[in-house]
Amino acid sequence: MAFKAMYGALPDTDVKADYREAVKFGTFRIGKEALYLPAFPTGAEYIPLAALDSAWIQKSTISPKGCCGGQFPVFVLRVRYGNELYQNLTLDKEQDANRALALIQERRPELPGAPEGKNIGSSIL
């Protein structure tokens, strides 16, 4: 499995070991050192937890059939890194989103929530 940094790097860290021990949430994983996302065709991209500027949960909805279908509530774990880069990680259950955020906050207790002036209410993805 190949690993590629989306931003920054993990110096002196065994990325494969951190990935194997990471907690899985849907399609992404949270390790002790990084947030891992699937990469095509095989492998993973990662953002070091030390590079995160903020993390928060945003309630949202998704329309599986486009604009005219019904909407389902989802919970988006938003992480900001590199000052203005964002990664949105969508989860079906609020408890999973809260658990993922709690794990990030456990590993980075000084990490702030939503940046000031950012809308954290509902939106359509």
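Leaving aside neighbours within four places in sequence, Gln87 is in contact with Met6, Leu37, Ile47, Leu77, Arg78, Val79 and Tyr81, where contact means heavy atoms within 4.5 Å. Gln87 sits in strand S8, and with a relative accessible area of 18% it counts as buried. Buried here means under 20% relative accessible area, exposed means over 50%, and partly exposed is in between (1.4 Å probe, protein chains only).

A quick word on what you're looking at: this is a predicted model, so local features need pLDDT of at least 70 and side-chain atom pairs count only at pLDDT 80 or more, while totals for chains, interfaces and linings use all residues. Residues are numbered from 1 along each chain as its sequence is written, and side-chain values use heavy atoms, with hydrogens and water left out.

**The chain as a whole**

- The protein chain has 2 helices and 8 strands; helices (H or I, at least four residues) and strands (E, at least two) are DSSP runs, numbered from the N terminus.
- Follow the sequence along and you get the pattern β-α-β-β-β-β-β-β-β-α.
- Of the 125 residues in the protein chain, 38% are buried.
- Take the contacts in the protein chain with a separation of 6 or more: 55% of them are between residues 24 or more positions apart.

**The open sheet**

- Five strands make an open sheet in the order S1-S5-S4-S3-S2, with mixed pairing; two strands pair if DSSP finds at least two bridges between them.
- At the edges are strand S1 (3–5) and S2, each of which pairs on one side only.
- On average, neighbouring strands of this sheet are turned by 30 degrees against each other, direction ignored.
- S1 runs parallel to strand S5 (residues 44–48), and the two pair over 3 bridges.

**Helix H2**

- H2 covers residues 94–107, which is 14 residues, and reaches 20 Å from its first C-alpha to its last, close to the 20 Å expected at 1.5 Å a residue. That expected span is 1.5 Å times one less than the number of residues.
- Ala97, Ala100, Leu101, Leu103 and Ile104 are the buried residues to look for in H2.
- Seen down the axis of H2, the buried residues fall within an arc of 155 degrees, so they line one face of the helix; the arc is that of the directions from the helix axis to the C-beta atoms.
- An α-helix has 3.6 residues a turn, so residues three or four places apart point the same way.
- On the other side of H2, you'll find Gln95 and Glu106 exposed.
- The cover over the buried residues of H2 includes strand S2 (23–25), strand S3 (28–30), strand S6 (52–62), strand S7 (72–81) and strand S8 (85–91).

- S7 and S8 pair in the antiparallel sense over 7 bridges.
- Within that pairing, Val76 has Thr90 in S8 as its bridge partner.
- The two strands form a hairpin with 3 residues between them, and Gly82 in the turn has a positive phi of about 60 degrees.
- Gly82 is partly exposed, with a relative accessible area of 22%.
- Not counting residues up to four places away in sequence, Gly82 touches Tyr7, Ala51 and Asp53.
- Gly82 and Gly8 are 74 residues apart in sequence, yet their C-alpha atoms are 8.7 Å apart in space.

**Salt bridges**

- Searching the whole structure turns up 2 salt bridges, a salt bridge being a side-chain nitrogen of Lys or Arg within 4 Å of a carboxyl oxygen of Asp or Glu.
- One of them joins the side chains of Glu84 and Arg80 (3.9 Å, N to O). Glu84 is exposed at 53% relative accessibility, whereas Arg80 is buried at 15%.
- Arg108 forms a salt bridge with Glu110, with the closest N and O atoms 2.6 Å apart. Here Arg108 is buried, with a relative accessible area of 14%, and Glu110 is exposed at 53% relative accessibility.

Note on methods
Axes are lines fitted to C-alpha atoms, for helices over the stretch in contact, and angles run from 0 to 180 degrees between N-to-C directions.
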